[in-house]
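Open your viewer and keep the selection tool at hand. We will go from one stop to the next, picking out a few elements and side chains on the way.

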Amino acid sequence: MRIGAHIDSTAPLEAAAARAADAVQFFLADPQAWTDPEPRADAAALRDSAVDVYIHAPYRINVATLNNRIRIPSRQLLAKYAVAAAEIGARGLIVHGGHVGKGNDIAVGFDNWRKTFAYQAKSGGFATPILIENTAGGDNACARRFDALARLWDAVGEFDVGFCLDTCHAHAGGEDLLHAVDRVKAITGRIDLIHANDSRDPFDSGRDRHDNIGHGTIDPDLIVAVVRAAGAPVIVETPGGVDGQAADIAYLRERVG
């Protein structure tokens with residue numbers, strides 16, 4: 001099982017070595033901005049490395065929204081990120097499920113997701129596999145509750161779409177982690193990546209605040225069970241820098257086997 005961490009983008013391979021990580025995840029630009037991905041001088045080294053690379057898309061991307069000023073730039077930026085991720089050999093581009101505005105029909109949000117993939121398919125599809133991630137908050141979110149996730153997959157399932165299950169997001173989003181993997185796979189047919197994070201906040205809080213495994217409000221046995229059942233690569237997005245993340249990686253390796 002490949003286990004790694006979300007790290008700063010400055011020196012990914014060195015960061016992986018410091019954490020004894022098999023994989024890394026990072027941003028290609030400011031995650032809070034509408035900024036195009038920046039070229040990487042280490043692209044060849046990343047492609048040739050034994051370390052698996054995952055890229056997280058900017059948080060601002062929201063292809064579900066009915067707001068054209070956000071949806072259209074979101075589609076464009078997602079495509080640019082997929083190309084940039086492919087250039088460094090990334091195994092997946094993780095993007096949040098997005099949401100619609102208050103009072104808007106969430107069915108339109110699901111259809112906007114479908115249109116995103118259908119539009120991109122006309123030019124050969126995304127250059128890197130897209131992994132949609134469940135989110136922690138929002139009453140109008142397309143991938144917070146698993147019933148909404150089922151409706152989302154009804155819209156995009158015809159395309160080759162991957163899924164990333166975040167344990168903190170599921171817990172804070174009000175979905176019990178017990179049997180979560182079976183429930184998700186019944187909807188999506190797959191789990192391509194696990195974000196193994198504890199949660200600083202209680203169940204169904206709607207708050208996205210990660211903690212180190214065993215230090216938050218999630219029973220660590222449940223996180224281990226999710227990782228074991230999914231059988232997918234794992235990224236910890238936890239605090240504490242090298243020491244905190246290295247400890248989480250070592251814990252999972254020891255417990256999962």
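Which β-α-β unit do β5, α5 and β6 make, right-handed or left-handed? The unit they make is right-handed, meaning that, with the strands pointing away from the viewer, the path from the first strand over the helix to the second runs clockwise. Helices (H or I, at least four residues) and strands (E, at least two) are DSSP runs, numbered from the N terminus.

Before you go on, note that this is a predicted model, where local features need pLDDT of at least 70, side-chain atom pairs count only at pLDDT 80 or more, and totals for chains, interfaces and linings use all residues. Residues are numbered from 1 along each chain as its sequence is written, and side-chain values use heavy atoms, with hydrogens and water left out.

**Stop one: the barrel**

Select the strands β1-β2-β3-β4-β5-β6-β7-β10: in that order, these eight form a closed barrel with parallel pairing. Two strands pair if DSSP finds at least two bridges between them. From one strand to the next, the twist averages 25 degrees; axes are lines fitted to C-alpha atoms, for helices over the stretch in contact, and angles run from 0 to 180 degrees between N-to-C directions.

**Stop two: strand β6 and its neighbours**

Centre on β6. On one side, β5 (residues 130-133) pairs with β6 in the parallel sense over three bridges, and Ile 132 has Phe 163 of β6 as its bridge partner.

Colour by accessibility next. Five of the five residues of β6 are buried, so the strand is largely enclosed by the rest of the structure. Buried means under 20% relative accessible area, exposed over 50% and partly exposed in between (1.4 Å probe, protein chains only). Gly 162, Cys 164 and Asp 166 cover one face, and Phe 163 and Leu 165 the other.

**Stop three: the cysteines**

How many disulfides does the structure hold? There are zero, a disulfide being a pair of cysteine sulfur atoms within 2.5 Å. Select Cys 164: its nearest cysteine sulfur, that of Cys 168, is 12 Å away. Cys 164 has a relative accessible area of 0%, and Cys 168 is likewise buried at 0%.

**Stop four: the aromatic cluster**

Show the rings of Trp 113, Phe 117, Phe 126 and Phe 159, which form one aromatic cluster. Rings of Phe, Tyr and Trp (its six-membered ring) pair if their centres lie within 6.5 Å; planes under 30 degrees apart count as stacked, over 60 as edge-to-face and the rest as tilted. The count comes to five aromatic pairs. Phe 117 and Phe 126 are edge-to-face, at 5.5 Å centre to centre and 80 degrees between the planes. Phe 117 and Phe 159 are stacked, because their centres are 5.8 Å apart and their planes at 20 degrees. Phe 117 sits in helix α4 (residues 106-121) and Phe 159 in the loop between α5 (146-156) and β6 (162-166), so this pair ties together parts that are 42 residues apart in sequence. Both Phe 117 and Phe 159 are buried.
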